[in-house]
Amino acid sequence: MNAITLSRAAAAQIPMVPGSNVDAYLAVLNTIPMMSADEEHALAIRLAEHNDLDAARQLVVSQLRFVVYVAKGYSGYGLPLCDLIQEGNVGLMKAVKRFNVAAQVRLISFAVHWIKAEIHEFILRNGRMVRLATTKPQRKLFFNLRKQKKSRAWLTPDETQHIAETLNVSVRDVREMECRMAGNDTSFDPAADADDKVAFLSPAHQLGDHRYDPARQYEAASDADGMSGDLHAALDSLDERSRDILAQRFLGNSKATLHDLAAQYQVSAERIRQIEKQALAKLRGAMPLAA
């Protein structure tokens with residue numbers, strides 16, 4: 001019985017999601033024989049020419065063991081290994097779908113990029129509540145910086161310069177990413193069992209809600225009354241036509257257009273725009289706090 005037949009028989013019993021028992025998942029994968037280049041090529045032709053889903057399934061199953069190997073390399077990011085394996089399997093399936101049999105390369109050489117890409121995206125999306133890297137250069141720097149650092153201590157100036165030159169980025173970008181990686185997520189509210197000293201340090205205690213503070217409410221009301229009085233005084237300083245144009249343009253329920261006002265005052269729309277601009281400039285001069 002050849003490897004393809006074994007793979008077909010085992011494929012229906014291999015879960016794509018490892019679950020919580022990773023050891024049992026690995027034990028099942030170890031029973032799957034390695035696929036030769038000729039067998040892989042034959043399956044790839046069946047998939048490309050006939051859209052054979054059984055061939056695609058066998059190609060995926062034959063490389064699940066390699067996905068586990070890649071996922072273990074990212075075990076230091078604080079995420080469950082089973083989740084990393086699952087994301088890697090997604091990348092493997094995408095690679096099988098896009099595999100070009102005419103490229104004359106083994107599937108695993110083509111798939112490694114897709115497997116790592118899915119795992120990278122998962123780590124950046126779930127490693128922290130606040131995303132460490134959002135742009136493509138930041139993502140590249142994030143993973144390469146972890147590989148370049150030899151210890152958990154802060155980088156020395158020489159090490160920072162060397163990494164910046166190696167990765168072709170600025171020293172500032174390296175130091176900024178190092179600071180991001182060194183930080184931790186902080187809960188906004190204190191833990192339920194936290195004592196008073198620890199609870200006082202939480203952001204919930206430091207960032208108070210002052211919306212209902214009587215002093216602040218009185219101050220806000222006084223400011224609003226003052227600005228309202230200044231607005232009326234500023235409007236009274238305008239001529240009647242300018243005041244009416246502003247009222248119809250901004251203060252009414254239905255906003256008049258420049259062409260409506262041009263027809264009303266028997267002038268061009270450009271002239272109405274000029275009057276409006278001059279009137280707004282006078283208002284800003286009379287109300288410096290609103291400028």
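Leaving out neighbours within four places in sequence, Val 96 is in contact (heavy atoms within 4.5 Å) with Leu 47, Ala 56, Leu 59, Val 60 and Leu 107. The model is predicted, and local features need a pLDDT of at least 70, side-chain atom pairs count only at pLDDT 80 or more, and totals for chains, interfaces and linings use all residues. Residues are numbered from 1 along each chain as its sequence is written, and side-chain values use heavy atoms, with hydrogens and water left out.

Val 96 also belongs to the largest nonpolar core, which has 46 residues, and together with Tyr 74, Leu 84, Leu 92, Ile 119 and Ile 123 it touches the most other members. A nonpolar core is a set of buried Ala, Val, Leu, Ile, Met, Phe, Trp, Tyr and Cys residues joined through side-chain atoms within 4.5 Å, where buried means under 20% relative accessible area, exposed over 50% and partly exposed in between (1.4 Å probe, protein chains only). Helix H7 (residues 107-126) gives the largest share of this core, seven residues. Because domain 1 (20-125) and domain 2 (134-180) both contribute residues, the core lies between them; the domain bounds come from an automatic or database domain assignment.

Across the whole chain there are 16 helices and zero strands, taken as DSSP runs numbered from the N terminus (helices H or I, at least four residues; strands E, at least two). Of the 291 residues, 30% count as buried, and among contacts with a separation of 6 or more, 56% are accounted for by residues 24 or more positions apart.

One of the residues in helix H3 (residues 37-50) is Glu 40, which is buried, with a relative accessible area of 3%. Not counting residues up to four places away in sequence, Glu 40 touches Met 35, Leu 59, Gln 63, Phe 99, Val 105, Arg 106 and Leu 107.

Asn 51, in the loop between H3 and H4, has a phi near 50°, a positive value in a residue other than glycine, and is exposed, with a relative accessible area of 54%. Gln 104 lies in the loop between helix H6 (81-98) and H7; its phi is near 60°, again positive in a residue other than glycine, and at 67% relative accessibility Gln 104 counts as exposed.
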